[in-house]
Amino acid sequence: VGGGVYCNKALVTFSNNSVIDNEVITPSIITNVGAGGLLVSNCPNGSIISNNLFRNNSSDSWCGALNVSGFSGNTQLITIKNNLFIENEADEWGGALGIVDYNAMLVNNVFSHNTAKWGGVGYIDKTNVTPGVHNAWLINNTFSYNEASVLCGAFDFKDSNPLIMNS
């Protein structure tokens, strides 16, 4: 399910790494999952992904470089900051990343030349969103030359309340 690294139910500090040229090929019995580089699942509040290079990772399903997934009603926050996401690809959603049922703070990341069908940069989906309350904060990120063949060259937000500033 994770082409490079898989972290499940653990406090994650993933910093100063190069995650390059990984690929995940999802078995036909599993759908709507995957991460070519790093998969973080059901981790506690306070996990951090920072100062990494994610380059040329791919998934035949979701999330070319990074997938953060929780469970319905999850209130945990993950911080994703100061990373480079370059030339990652997903056949379906989230060329660089996907975040499902997590609150996420994305700060000072660079997303360039990532591709997918939906959300060339990423896909963010949060069930049980409280109206008027943000669940995704995108602050001071750079998006360039990302592409989606169907919808949203940058982010595809589903059932989310994002706050996007200076990006």
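**Backbone, sheet and core**

The loop between β7 (53-55) and β8 (58-59) contains N56. This is a predicted model.

**Positive phi**
- N56 is not a glycine, yet its phi is positive, near 60°.
- The relative accessible area of N56 is 41%, so this residue counts as partly exposed, the class between 20% and 50%.
- D159, also not a glycine, has a positive phi of about 50°.
- D159 sits in the loop between β21 and β22 (162-165).
- Most residues other than glycine have a negative phi.

**Open sheet**
- The order β1-β5-β9-β13-β17-β21 describes an open sheet of six strands with parallel pairing.
- The edges are β1 (5-8) and β21 (155-158); each has a single partner strand, so one side of each lacks a neighbour in the sheet.
- From one strand to the next, the twist averages 5°.
- β1 and β5 run parallel and are joined by four bridges.
- Y6 has L39 in β5 as its bridge partner.

**Nonpolar core**
- The largest nonpolar core has 27 residues, and those touching the most other members are V40, I49, L66, I80, F85, I99 and L106.
- Two or more residues of this core come from each of β5 (38-41), β9 (66-69), β10 (77-81), β13 (97-100), β14 (103-107) and β18 (136-139).
- Leaving aside residues up to four places away in sequence, L106 touches I80, L97, I99, F111, W137, L138, I139, N141 and F155.

How values were computed
Residues are numbered from 1 along each chain as its sequence is written. This is a predicted model: local features need pLDDT of at least 70, side-chain atom pairs count only at pLDDT 80 or more; totals for chains, interfaces and linings use all residues. Side-chain values use heavy atoms; hydrogens and water are left out. A nonpolar core is a set of buried Ala, Val, Leu, Ile, Met, Phe, Trp, Tyr and Cys residues joined through side-chain atoms within 4.5 Å. Buried means under 20% relative accessible area, exposed over 50%, partly exposed in between (1.4 Å probe, protein chains only). Contact means heavy atoms within 4.5 Å. Two strands pair if DSSP finds at least two bridges between them. Axes are lines fitted to C-alpha atoms, for helices over the stretch in contact, and angles run from 0 to 180 degrees between N-to-C directions.
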